[in-house]
Amino acid sequence: MNDRKFFEGVVSRPGLYGLDNSYKSAVMFLVGFDEARSGGLLRGFTEWLVVRKGEPSGFGWQALVLDEALPEVESWGWNKLDRSSPEQEQRAVERLLSLLTEFLSTRDDVLALARMYTRYQSLHP
């Protein structure tokens, strides 16, 4: 089973993997999984998110996902969690997992990955 198929399963049954609609728990799950893969799971995820947004950013993927998932919450990055409702946090977890599975399709396509890094470099001259 490849990473994308595995995370499609996580998206469909998050409770089975110990995810409880907490964004921090979902991030820790992904960080742990990434460490188990020697950093291979999330390599390029931040850059991919920056390219999707179309503007440079100094934030890591954790904050970029929150900014995309919760645009209506006033604040930046992790601080959005302090001002969000449990429903909004659940939406952020769902968006995180959705973005990850979308990214994994790009990551596993060598040409798409190369195009993504070329676009990223144009945003960060």
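Thr106 is in contact (heavy atoms within 4.5 Å) with Trp48, Ala112 and Leu113, leaving aside its neighbours within four places in sequence. Thr106 lies in helix α5; helices (H or I, at least four residues) and strands (E, at least two) are DSSP runs, numbered from the N terminus. With a relative accessible area of 17%, Thr106 is buried. Buried means under 20% relative accessible area, exposed over 50%, and partly exposed in between, with a 1.4 Å probe and protein chains only.

This is a predicted model, in which local features need pLDDT of at least 70 and side-chain atom pairs count only at pLDDT 80 or more, while totals for chains, interfaces and linings use all residues. Residues are numbered from 1 along each chain as its sequence is written, and side-chain values use heavy atoms, with hydrogens and water left out.

**Overall form**

The protein contains six helices and zero strands. From the N terminus on, its elements run α-α-α-α-α-α. The radius of gyration of the protein is 14 Å, which agrees with the value near 14 Å for a compact globule of 125 residues. This radius is taken over C-alpha atoms, and the globule rule is 2.2 Å times the number of residues to the power 0.38. Along its principal axes, the C-alpha trace spans about 40 × 35 × 20 Å.

Of the contacts in the protein with a separation of 6 or more, 59% are between residues 24 or more positions apart. Glu94 and Ala69 are 25 residues apart in sequence, and their C-alpha atoms are 8.8 Å apart in space. Glu94 is found in helix α5.

**The nonpolar core**

Of the 125 residues, 43% count as buried. A nonpolar core is a set of buried Ala, Val, Leu, Ile, Met, Phe, Trp, Tyr and Cys residues joined through side-chain atoms within 4.5 Å. The largest such core has 36 residues, and those with the most contacts inside it are Phe7, Tyr23, Phe45, Leu49, Trp61, Leu96 and Leu100. The elements that give two or more residues to this core are α1 (3-12), α2 (23-36), α3 (45-53), α4 (61-69), α5 (86-107) and α6 (110-123). Helix α5 gives the most, with eight residues.

**Backbone and accessibility**

Most residues other than glycine have a negative phi. Asn21 has a positive phi, near 70 degrees, without being a glycine. Asn21 is found in the loop between α1 and α2. Ser38 is not a glycine either, yet its phi is positive, at about 55 degrees. The loop between α2 and α3 is the place of Ser38.

The table gives the accessibility of selected residues.

| Residue | Relative accessible area | Class |
|---|---|---|
| Asn21 | 38% | partly exposed |
| Ser38 | 64% | exposed |
| Glu94 | 46% | partly exposed |

**Surface and charge**

The protein exposes about 7000 Å², of which carbon and sulfur atoms supply 51%; accessible areas come from the Shrake-Rupley method with a 1.4 Å probe, and for residues only the protein chains shown count as cover. The mean positions of the 15 positive and 18 negative charges are 4 Å apart. Lys and Arg count as positive and Asp and Glu as negative, while His and the chain ends are not counted. The place of a charge is taken as NZ of Lys, CZ of Arg, CG of Asp or CD of Glu.
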